[in-house]
Each structure stands twice: as structure tokens, then as C-alpha cells.
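I opened the notebook to record what I looked up in this model. The entries follow in the order I made them.

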Amino acid sequence: MNTSLFVISILVVISLFTTTFTVTKVVLAHRSHKDKMRLTKQIMDNGKSAEAIVNFIRQTQSKLDDQPEVILDLTVTKDNGEVFHAAVKTFIPLILIPQFQKGKIIQVKYVEQEDQRKVAVEDAYLP
């Protein structure tokens with residue numbers, strides 16, 4: 001009888017630990033995603049406009065509201081002619097995917113902070 005109670009107690013403790021761990025991971029992932037979306041919206045509101053050439057597009061396994069997440073490798077040209085490379089992970093509406101193929105010119109916005117550039121893609125999906 002004591003052995004059964006011990007085994008059940010161990011299973012309950014393991015279940016509680018697993019549940020706590022899973023919920024913590026989900027909450028942290030959700031918070032990280034919200035922070036990324038907030039940063040993207042800030043770039044879209046306050047960033048400088050530029051054109052970018054799509055070097056390649058690669059779909060990830062993620063979706064947001066049925067819109068696929070992609071990684072865009074871009075060559076961005078600023079207004080003054082300066083060029084820089086950027087890789088952007090973003091969600092693109094399915095209907096707009098043809099506009100983001102290799103060689104296409106797209107509109108982006110960027111901000112420069114402490115020797116870093118953050119880039120957001122115009123026409124990307126923002127919930």
C-alpha cells in the first residue's frame with residue numbers, strides 16, 4: 001500500500017513540475033513574440049523608408065493567423081545610396097508572397113541604434 005502511495009506521489013510531483021515548466025515556456029514565448037511585434041510596429045511608425053532587393057526568401061515552420069513566417073535576405077539601399085545587408089524574419093500574407101520573390105524590389109523601414117540596424121518590411125502581416 002505504501003509503495004502505491006509513493007508512486008502516485010512521485011507521479012503527481014512530476015506532473016506538477018512538467019505543467020509548470022510547459023506553462024512558463026509558453027508564457028515566455030508569447031511575451032517574446034509580443035515584444036517583437038511591438039518593435040516591428042515602432043519601426044514602421046518611426047523608421048526611415050528605403051528600398052530593398054530580395055536576395056532569397058525561405059519559409060519557416062511557423063504561421064500567425066494562417067500567414068506564413070518567412071526569412072527574407074535583403075540588400076537595403078538607403079536614400080543616400082549606402083547599401084547594407086539585412087535578414088528579416090516576418091509574416092507575409094499569402095496573397096502577397098509573389099511580391100517577395102528573389103530579385104523583387106520591396107519597401108522597408110529601418111532604424112539605426114548603437115551600430116545596429118533594425119529592419120521591418122512594409123506590407124508584412126501585423127496582427
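**Pocket lining.** I started with the largest pocket and asked which element gives most to its lining. S3 supplies the largest share, 8 residues. I note that this is a predicted model. H1, S3 (83-91) and S5 each give at least two residues to that lining. I then looked up the volume. The largest pocket holds about 260 Å³ of space. Its lining counts 18 residues, and those closest to the centre are Lys-36, Ala-87, Val-88, Lys-89 and Val-119. I sorted the lining by class. I found 11 nonpolar, 3 polar and 4 charged residues. A reminder to myself on the method: a probe the size of a water molecule, rolled over the atoms, shows where empty space is left.

**Salt bridges.** Next I searched the whole structure for salt bridges. The search gives 4. Which residues are linked in a network of salt bridges? I wrote down Lys-78, Glu-82, Glu-112 and Arg-117. I took the pairs one by one.

Lys-78 and Glu-82 join through their side chains, with 3.2 Å from N to O. Is Lys-78 buried or exposed? Lys-78 counts as buried because its relative accessibility is 10%, and the cut-off for buried is under 20%. Glu-82 has 33% and counts as partly exposed.

Lys-78 also meets Glu-112 in a salt bridge, at 3.1 Å from N to O. I checked where the two partners sit. Lys-78 is in the loop between S2 (67-77) and S3, and Glu-112 is in S4 (residues 105-113), so this pair ties together parts 34 residues apart in sequence. Glu-112 has a relative accessibility of 40%, so I list Glu-112 as partly exposed.

Glu-82 has a salt bridge to Arg-117 as well, where the closest N and O atoms are 2.7 Å apart. Glu-82 lies in the loop between S2 and S3 and Arg-117 lies in S5, so here the parts tied together are 35 residues apart in sequence. Arg-117 is partly exposed, with a relative accessible area of 34%.

**Gln-116.** I moved to Gln-116, which is in strand S5 (residues 116-121). Its relative accessibility is 44%, so I list Gln-116 as partly exposed. How far is the C-alpha atom of Gln-116 from that of Gly-103? I read 25 Å, for two residues that are 13 apart along the chain.

**Val-108.** Then I looked up Val-108, placed in strand S4. Val-108 is buried, at 0% relative accessibility. I also checked Val-108 against Met-44. The two are 64 residues apart in sequence, yet their C-alpha atoms are 8.4 Å apart in space.

**Surface patch.** I asked which residues form a nonpolar patch on the surface. I noted Phe-6, Val-7, Ile-10, Leu-11 and Ile-14. Together they have about 470 Å² of accessible area. Ile-10 belongs to helix H1 (residues 2-46). With a relative accessibility of 38%, Ile-10 counts as partly exposed.

**Backbone angles.** My last check was on phi. Most residues other than glycine have a negative phi. I located Asp-115 in the loop between S4 and S5. Asp-115 is exposed, with a relative accessible area of 87%. Asp-123 is not a glycine, and its phi is positive, about 75 degrees. Asp-123 is in the segment after S5.

Conventions:
Residues numbered from 1 in each chain as written. Predicted model: local features only at pLDDT ≥ 70, side-chain atom pairs only at ≥ 80, totals over all residues. Heavy atoms only, no water. Helix = DSSP H or I, 4+ residues; strand = E, 2+ residues; numbered from the N terminus. Buried < 20%, exposed > 50% of the residue type's maximum accessible area, 1.4 Å probe, protein only. Patch = residues over 30% accessible without salt bridge, like charges linked within 9 Å, V, L, I, M, F, W, Y side chains within 5 Å. Areas by Shrake-Rupley, 256 points an atom, 1.4 Å probe, with all protein chains shown as cover. 1 Å grid on protein atoms, 1.4 Å probe; cavity = no way out; pocket = protein on both sides within 12 Å on 5 of 7 lines; lining within 4 Å. Points joined across faces, edges and corners; volume = space filled by probe spheres on them. Nonpolar A, V, L, I, M, F, W, Y, C, P; charged D, E, K, R; others polar.
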